[in-house]
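Subject: Structure handover

Dear colleague,

My notes on it come after.

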Amino acid sequence: MDIAKVKRLIDEAIEENPTLFLVDWKVTPDNKIFILADGDQGLPIEEIVRISRHVEHNLNREECDFALEVSSPGLSTPLSMPRQYKKNIGRQISITLIDGKVLEGEIVEANEEAVELFWETREPKPVGKGKITVEHQEEFHYDTIQKAVIVVNFQ
């Protein structure tokens with residue numbers, strides 16, 4: 001299997017629609033091609049079909065048989081690139097930092113270097129008994145995030 005050709009075909013298919021982006025791809029030793037793509041407004045089935053056809057029709061099964069799978073990241077798939085964070089502004093996210101700390105909050109901003117989260121916690125009052133709600137807003141550089149997943153609320 002010509003890995004460079006596969007990558008070129010994937011890139012060509014993705015570049016046809018500027019709202020799409022490649023999240024990941026791989027070719028296994030037994031010639032299974034996996035393409036994980038996403039879009040700023042999601043990845044419609046028509047685009048999955050178009051990408052799949054572009055790659056499949058430009059590879060020769062007579063030369064090398066292969067399997068092909070094109071999909072979008074599921075909700076449980078960790079975010080891996082800044083564009084995914086930008087796409088999800090306004091949604092709840094759970095992040096695990098490199099130091100093991102886990103936070104859950106709303107994405108309020110995202111750029112190429114970092115994501116900014118807003119969350120509330122219940123903390124002891126500075127004076128007296130009881131707790132108060134405290135708002136937090138903090139920026140986290142992507143290199144400090146070990147794992148980030150979208151939180152699904154069924155309310």
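The notes below go from the whole chain to the annotated spans and then to one residue.

This is a predicted model, in which local features need pLDDT of at least 70 and side-chain atom pairs count only at pLDDT 80 or more, while totals for chains, interfaces and linings use all residues. Residues are numbered from 1 along each chain as its sequence is written, and side-chain values use heavy atoms, with hydrogens and water left out.

Overall form. The chain has three helices and eight strands, counted as DSSP runs (helices H or I of at least four residues, strands E of at least two, numbered from the N terminus). Their order along the sequence is α-β-β-α-β-α-β-β-β-β-β. The C-alpha trace spans about 80 × 30 × 30 Å along its principal axes. The radius of gyration of the chain is 20 Å, whereas a compact globule of 155 residues would have one near 15 Å; the radius is taken over C-alpha atoms, and the globule rule is 2.2 Å times the number of residues to the power 0.38.

Surface and contacts. Of the 155 residues, 36% count as buried (under 20% relative accessible area; exposed is over 50%, partly exposed in between; 1.4 Å probe, protein chains only). Among contacts (heavy atoms within 4.5 Å) between residues at least 6 apart in sequence, 49% join residues at least 24 apart.

Annotated spans. Residues 11-75 are 28% helix and 32% strand, with end C-alpha atoms 24 Å apart. For residues 80-154 the content is 8% helix and 57% strand, and the end C-alpha atoms lie 24 Å apart.

One residue. K26 sits in strand β1 (residues 20-27). K26 counts as partly exposed because its relative accessibility is 48%. Leaving aside residues up to four places away in sequence, K26 touches K32, I33 and F34. V6 is 20 residues from K26 along the chain, and their C-alpha atoms are separated by 9.4 Å.

Regards
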